[in-house]
Amino acid sequence: MAGEPLAMALHLSLALQRPLLLEGPAGVGKTEIAKAMSEVLATRLIRLQCYEGLDSSHAIYEWNYQRQLLAIRADGASEDELFGEKYLLRRPLLEAISQETSPVLLIDEIDRADEEFEAFLLEVLSDFQITIPETGTVRAKSRPVVILTANGTRDLSDALRRRCLYSYIDYPGHSEELEILKSRAPGLEARLAAQIIGVVQSLRREDLEKKPGIAEMLDWAAALSGLGINDLGNDRSVVQATLVCLLKTSADSAAVPVEVMDRLIGRAA
Amino acid sequence: MKATRFPSRAKGVADRITGFTGHLRMNGLPVGPSETADSLAALSHINAVSPGEVRLALKTLLAPNMDIWNRFDDLFDSYWYNAGSKRQGKANEHVRVQSARPVLWQNHFENVSRGGENSDQSAPDSGEGDSEGMDGRLIATKTESLAKRDLRELTDEETLKEAEAAAYRLARSIRDCHSRRRKRSNNGLQLDLRRINRASLARGGEPIDLFRREHPDRQMRIVAISDVSGSMNVYSRVFLAFVKGLVCSDRSTEAFLFHTRLMRVTPAMRDGDSLRWAGRLSLMADGFGGGTDIGTALTTFSEQYGKALTGRTMLLILSDGYCSGTPQRLAKALSRIRKKARKIVWLNPLLGWKGYAPVAAAIQAALPYLDAHLSASTIDALGALEAEFSNI
């Protein structure tokens, strides 16, 4: 399920074979898009989760040093053998460009990685090739579909942005989110579903530290249906207790006391 | 909306797309010839006669970040639908012919020129650069000369942004400290030979396990206490922006404001939404612009938030030193803080003035406890702090 801008972005990134950079608040399903893509295209999803301090040996490739050493000891392996396929540990990026059919490569939360790593990525994303000093340059057998996601932890470099298509994803509107809930939880009563969406949408307009995302909304819906609640107005104390699914900091749960919830539910009904 | 009628020489899609990228470039987007080629390639993959699809495709392709993403529709309309010339208030009667040179969409500079007017009001003598027209250069020449003017005269958006940026740089340079010794780490650059040797004994002399080491980070923490009393009123907006820059640079920085009372404003400052943080701040700051009692404020600070001070903390005090409390109390508070914090630095907006000497009783009492007493009267001075701090 995708809005029109996102559909266009995905279409273009497939047509032009360019990486796609997705930005947006946490919990709008950026990562989910890559998973859906790999399902639709029926290919592998290769995921690279970025974090501070991520370096090329964890993202691109590494020599299996221990194995090389054993080979020297045991068989007296020559240098040519040592720097061969057998001793190369493929990390996600190298893995992605050496597939026969083009996989979906998800580079998640790229803004968490260091700036040096971003520079590394440029070579991979523009030419789809990786240089290994000992063996030479590996060219992509098939171009992977690359999806990058960012949360705005820090600003990305212009060079990276220029190489990517860009799409900004915001929280879905009322009807879209209702569709998402219906497709994920088909058994849910229509009235309860409408109430859930109404409350979550108005919660996002409140002054909260962490706004509930789509995943939180689905969790909450699952919790409510698991507890056998079919109207938010009835079991107020239970409903209040299930808010742990939506509000993830103490300040936020303090900001939504029973009275506020009453108001939100009243508006949603 | 009426579509733009292009001159007959601008035939074909290629010419018009080139014109469009030129138009975007003039409005500050980082696009060049390769983007033009990409746009044309993109158009061949979509239904190029549907305006909606073309708009989305070009937006996806050419917008590099969220700001431009949100602004793109206006830029698109101004080129393809003549909205730019409509907003100029010209040529409403007949369809305006698009000239070969891309028209700069005037509305884009609306808030900039408003900022310019503001600074004109606060500084009536700034007549320079008026004849340079609306091409962005005007703004550049202004900031050049503004940098040397006293902060009191500056309250426009750009100065605030600059103060924030200066603080951000400063905070980073203060924070980035490395220890000289090396410690074990998982992905350090250097091999730890001693440890490798020792571990190899267990493997019959083969260095199987590799250990690495590097200089560990020893980050300094910044605590900023800013004076927002009456005498500092004229500086407070710039200083607030400065403090905001400090706070936003990392997660450990703490910010406080004081007049007669002290309050912690770190969460409000960290709020990404600038309108909301201003709102939250003004709610907290009843008594903004009243009297000052630095001594009491600092005593409260060391009692309530003393835990924020560690051996790796730098305390920044932004104040002019005019104080209604007793100097002894200030001295006592500072001596207590001195024992806990690594450095105490006083930023004084008056210090840049000709003929100013720190003779006020409060400053006199405080001076023995300070590691540095620096000027913060101009944007330049704020920017130059980075160099000063490396000497402390």
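In this predicted model, E35(B), D38(B), S39(B), A42(B) and L43(B) of helix 2 of chain B meet V54(B), A57(B), L58(B), L61(B) and L62(B) of helix 3 of chain B. Of the residues in this contact, seven are nonpolar, one is polar and two are charged. The two axes come within 10 Å and cross at roughly 145°, and helix 2 of chain B passes helix 3 of chain B in a right-handed crossing.

Helix 3 of chain B also takes part in a contact between the chains. On the side of chain A, E4(A), P5(A), M8(A), A9(A) and L12(A) of helix 1 make this contact, and on the side of chain B, E53(B), L56(B), A57(B), T60(B) and L61(B) of helix 3. Its residues comprise seven nonpolar, one polar and two charged. The axes of helix 1 of chain A and helix 3 of chain B come within 9 Å and cross at roughly 65°, which makes the two helices roughly perpendicular. This crossing, too, is right-handed.

| Helix pair | Axes come within | Crossing angle |
|---|---|---|
| Helix 2 (residues 33–43) of chain B and helix 3 of chain B | 10 Å | roughly 145° |
| Helix 1 (residues 4–16) of chain A and helix 3 (residues 51–62) of chain B | 9 Å | roughly 65° |

Taken as a whole, the interface brings 21 residues of chain A into contact with 19 residues of chain B. On the side of chain A, the elements giving two or more residues are helix 1, helix 4 (65–75), helix 8 (158–163) and strand 9 (165–168). Helix 1 of chain A supplies the largest share of that side, seven residues. The residues of chain A that touch chain B divide into eleven nonpolar, three polar and seven charged.

Elsewhere in chain B, helix 8 covers residues 157–175. The buried residues of helix 8 of chain B are T159(B), L160(B), E162(B), A163(B), E164(B), A166(B), A167(B), L170(B), A171(B), I174(B) and R175(B).

In chain A, Q49(A) belongs to strand 2 (residues 45–49). Q49(A) counts as partly exposed because 14 C-beta neighbours lie inside 10 Å. Leaving aside residues up to four places away in sequence, Q49(A) touches D108(A) and E109(A). Q49(A) and R112(A) are 63 residues apart in sequence, and their C-alpha atoms are 9.2 Å apart in space.

Note on methods: Residues are numbered from 1 along each chain as its sequence is written. Chains are lettered from A and ligands numbered from 1 in the order in which they are written. This is a predicted model: local features need pLDDT of at least 70, side-chain atom pairs count only at pLDDT 80 or more; totals for chains, interfaces and linings use all residues. Helices (H or I, at least four residues) and strands (E, at least two) are DSSP runs, numbered from the N terminus. The expected span of a helix is 1.5 Å times one less than its number of residues. A residue is buried if 20 or more other C-beta atoms lie within 10 Å of its own, exposed if 12 or fewer, and partly exposed in between; C-beta atoms are placed from the backbone. Axes are lines fitted to C-alpha atoms, for helices over the stretch in contact, and angles run from 0 to 180 degrees between N-to-C directions. Angles under 35 degrees count as roughly parallel, over 145 as roughly antiparallel, 65 to 115 as roughly perpendicular and the rest as oblique. A crossing is left-handed if the near helix is turned anticlockwise from the far one by less than a right angle, and right-handed if clockwise. Two residues are in contact if their C-beta atoms, placed from the backbone, lie within 7 Å. Ala, Val, Leu, Ile, Met, Phe, Trp, Tyr, Cys and Pro count as nonpolar, Asp, Glu, Lys and Arg as charged, and the others, Gly among them, as polar.
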